[in-house]
Structures are given as structure tokens and as C-alpha cells.
Amino acid sequence: MTPLTVEIRTPSGVVLQAPALAVSAEDRTGWFGIRPGRTDLVAVLPPGLLVVRDQEGETFVALSGGLLSLESGHCRVITTEASVSRDLDTVATEVARQHRRRQERAEVHHAVVRDLAREALRRILAGRETA
């Protein structure tokens, strides 16, 4: 059977393009596998790990989330951020870094929402005082 073709792309370009024997990925329902001959599919990937297996072993990809599509043996992943390594510890460090960055961005967003809510409340109260 013809091997899969895997392509992982970020806004800065292709980070991995290679033949593969199998791909393991996770969506919101859990882990799933892709092997040559599998029916086409589309999956939304949460931030985490993708594993590409080839003749030489496994390649680990830390993803910031993304979209996976499998069409006619071509597995394409589009993500905003990806780190590729044959070493699981290296990728684990990258996953942890991406997680910290997401938490920091979430904290900034929460602070902005709190400030907007305070300002809206201040304006509502100021409008009552003038009425």
C-alpha cells in the first residue's frame, strides 16, 4: 500500500513534509490513528501532540491546535505554531511553553474584559446620577 504523505504547515511555511506509515492525532473525542487506506476525514485538533511514524521511527509534533484533513492519502495539518522533533522530551518542553503562552494570553484577555466591564458599570452609574 502507498504510504501516507504528511504535510504540516504554519503561517511561516511548511515545517514537515514526508511520507509516513501512520499518524496519531487527538481531537475533542480522543486519540485516533491514520494509516494508508483510511477513509477521508477532517478533524479539529486541540493544542497538543501529533505523532508521525515512518520507517525510521516516530516524529513528534507539538501543535498549538489546528485543522487536520486526510484526502486520498494526503494528510495535511494547518496550525499557527508547530515544533517538530524526533526527541519526545524536546517536544514536551515545547508543549509546556505553548501552554504557558496560551495561559498568558488568556490572562491578558481576562484583564481587558474586566476593565471593559468596570468601565461599562461606571458609565451606567454615571448616567443614573445625571438622570
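In the chain, confidence is lowest in helix α1 (residues 88-130), with a mean pLDDT of 83, and highest in strand β7 (residues 74-78), at 97. Here pLDDT is the predictor's confidence in each residue, on a range from 0 to 100, while helices (H or I, at least four residues) and strands (E, at least two) are DSSP runs numbered from the N terminus. The chain as a whole averages a pLDDT of 90, and 98% of the residues score at least 70.

This is a predicted model, in which local features need a pLDDT of at least 70 and side-chain atom pairs count only at pLDDT 80 or more, whereas totals for chains, interfaces and linings use all residues. Residues are numbered from 1 along each chain as its sequence is written, and side-chain values use heavy atoms, with hydrogens and water left out.

We can begin with the length of α1. The expected span of a helix is 1.5 Å times one less than its number of residues, so the 43 residues of α1 should span 63 Å, and this agrees with its end C-alpha atoms, which are 63 Å apart.

Next comes the side of α1 that faces the strands. Val-91, Glu-94 and Gln-98 of α1 are buried, where buried means under 20% relative accessible area, exposed means over 50%, and partly exposed lies in between (1.4 Å probe, protein chains only). The buried residues of α1 pack against β5 (41-54), β6 (57-71) and β8 (82-85).

These strands are themselves paired, which requires that DSSP finds at least two bridges between two strands. β5 and β6 run antiparallel and are joined by 13 bridges, with Pro-47 standing opposite Ser-64 in β6, and a hairpin of two residues connects β5 to β6. β6 also pairs with β8 in the antiparallel sense, over four bridges, and there Leu-63 has Ala-82 in β8 as its bridge partner.

Ser-85 lies in strand β8 and counts as buried because its relative accessibility is 15%. Leaving aside neighbours within four places in sequence, Ser-85 is in contact (heavy atoms within 4.5 Å) with Thr-59, Phe-60, Thr-90 and Val-91. The side chain of Ser-85 also reaches the backbone nitrogen of Asp-87 at 2.9 Å.

A salt bridge is a side-chain nitrogen of Lys or Arg within 4 Å of a carboxyl oxygen of Asp or Glu, and a search of the whole structure finds eight of them. In one of these, the closest N and O atoms of Arg-86 and Asp-54 are 2.7 Å apart; this pair links distant parts of the chain, since Arg-86 is in the loop between β8 and α1 and Asp-54 is in strand β5, 32 residues apart. Arg-86 counts as partly exposed at 40% relative accessibility, whereas Asp-54 counts as buried at 18%. Asp-54, Glu-56 and Arg-86 are linked in a network of salt bridges.

Within α1 itself, Asp-115 and Arg-118 meet in a salt bridge at 2.9 Å, N to O, and they lie three residues apart, about one turn of the helix. Arg-123 forms a salt bridge with Glu-119, with the closest N and O atoms 2.9 Å apart, and these two residues are separated by about one helical turn because they are four residues apart in α1. Arg-123 counts as exposed at 57% relative accessibility, while Glu-119 is partly exposed, at 28%.

Notes. Polar contact = N/O pair within 3.5 Å; in protein donor to acceptor, adjacent residues only side chain to side chain.
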